[in-house]
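Here are my notes on this one, jotted down while going through the model. Have a look at the structure first, then see whether you read it the way I do.

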Amino acid sequence: MNVSSSSLSPEWLQTLRAARPVLWTRSDTPSAHAAAFSLADVQAAQARFTRYAPLLAQLFPELTATQGVIESPLLDASAMQAALELPPTAGRLWIKADHVLPVAGSIKARGGIHEVLEFAERLALEQGLIQPGDDYRKLATPEARACFGRYQVAVGSTGNLGLSIGVIASALGFRAAVHMSADAKAWKKARLRARGVEVVEHEGDYEKAVAAGRRQVEADPHGYFVDDERSASLFLGYAAAALYLRDQIAQADIRVDAEHPLFVYLPCGVGGAPGGIAYGLSLLYGEHVHCFFAEPVQSPCFLLRMMSGEGQLPGLPVPPSVYDIGLNNLTDADGLAVPRASELAYTAVGGTLAGVYTVTDDALHADLARLHDSTGLRIEPSAAAGFSGPGLLLGSPAGQAWLQARGLQPHLSRATHLAWTTGGLFVPAEEYERFLSRGHSLVAGNQAPTDAPPLHHPQ
């Protein structure tokens, strides 16, 4: 189903409340960026990663081969394209493999690590531990670690952001605390504790874990809270991914222009990671890149925020929560189980985002299995959300109407579709086998490669 900027129809709301998959596309022309971030800001984040690279290579042996660069490959996905039954006439499918990002094992290695590095850099300059232009390996000295050890870095998380913050903070010598929601996986908690990170468990959801962490840090004069809902540093760390991807796209001889559109499908929780990436890509490619966020059917927080911004949710709070329409925010895609979107991310990309779609947990597991069988890649369920995007866009009335309205249909055979996988590197083998077994059962039971939207609301 596709909805325009007219008032919300009862049919559409019923579909959302029934947790059935939908495709929402913006009905107006994308607008200019509203957030106060420039390309120079994104480049500054990339430069910070570069300054830290020698130290990161020293702290993490897995970064020796890349000399401290934390990056993931761009992979040809022709085998997965066939498994998804996407014809060559639809363009070509690629995978941006953030599920194998070293150190943290997920997309959160970008924003989470960047923010801790920025905080450490600011402290180190203030305390005279380094001077501009110094070798940042000085920050591995006992003096620097003693300085950092006076501070606590805290975050609220469902798992992956907590892993990235906890791992880098503890490696630098900070005291680290991760406030984790009830839906966080046990193995993620265990991995953090093995690193010496304090794990504070909460009965509530992601939103409550973040609020609790924020309150705890406010009472600590030496506390620093990484705020997934509001942080510009996190956002810019994610946005820097666009600069690395631009180089990989050029190396793969992929063109991005009016006749070679780029479609990017990004799993979305609170919106910081996909928002930062979409923002960075829009700065680089402008109207030739079209970003879609993917959310679980029980947790479509960014979809609701986009709709409320277009006046399609009369009578509901702004910003809305998934609970406001009767959804339960329960999903196997734990990293995407967020009830309310980041206002920073919405302000930054709400005017340029092409659309948002939702997927069932069954679809996530089925595509996880298809990816394993066709490519051998191992991801977690939330990271599979991007693979439903091309089929929804190309195979539904809603997607076809949007493509026609944007004048993109004549160029589809030359299009690039990029599914962004976001986590899975450190998933324990027994946990992954459970995901895979469920996925294989669904595929054997003829789970369709795409959860087709049941309704279409014309433009």
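1. Lys108 sits in helix H4, which covers residues 108–126. Keep in mind that this is a predicted model.

2. Is Lys108 buried or exposed? With a relative accessible area of 14%, Lys108 falls under the 20% cut-off, so it counts as buried.

3. As for neighbours, leaving out residues up to four places away in sequence, Lys108 is in contact with Ile113, Asn160, Leu161, Ser164, Asp228, Tyr238 and Ala273.

4. UniProt also lists "domain: Tryptophan synthase beta chain-like PALP" for residues 66–389, again from an unreviewed entry. In the model that span is 41% helix and 15% strand, and its end C-alpha atoms are 32 Å apart.

5. Now the second largest pocket, with a volume of about 160 Å³. Which residues line it? They are Glu207, Ala211, Arg214, Glu229, Arg230, Pro319, Arg340, Ala341, Ser342 and Glu343. By type, the lining has six charged residues, three nonpolar and one polar.

6. Where does that lining come from? Domain 1 (11–34 + 70–104 + 235–445) and domain 2 (107–232) each supply at least three residues to the second largest pocket. Among the contributors, helix H8 (residues 206–218) gives the most, with three residues.

Technical notes: Residues numbered from 1 in each chain as written. Predicted model: local features only at pLDDT ≥ 70, side-chain atom pairs only at ≥ 80, totals over all residues. Heavy atoms only, no water. 1 Å grid on protein atoms, 1.4 Å probe; cavity = no way out; pocket = protein on both sides within 12 Å on 5 of 7 lines; lining within 4 Å. Points joined across faces, edges and corners; volume = space filled by probe spheres on them. Helix = DSSP H or I, 4+ residues; strand = E, 2+ residues; numbered from the N terminus. Nonpolar A, V, L, I, M, F, W, Y, C, P; charged D, E, K, R; others polar. Domains from an automatic or database assignment. Buried < 20%, exposed > 50% of the residue type's maximum accessible area, 1.4 Å probe, protein only. Contact = heavy atoms within 4.5 Å. UniProt positions renumbered as here; feature names shortened; annotations may be inferred.
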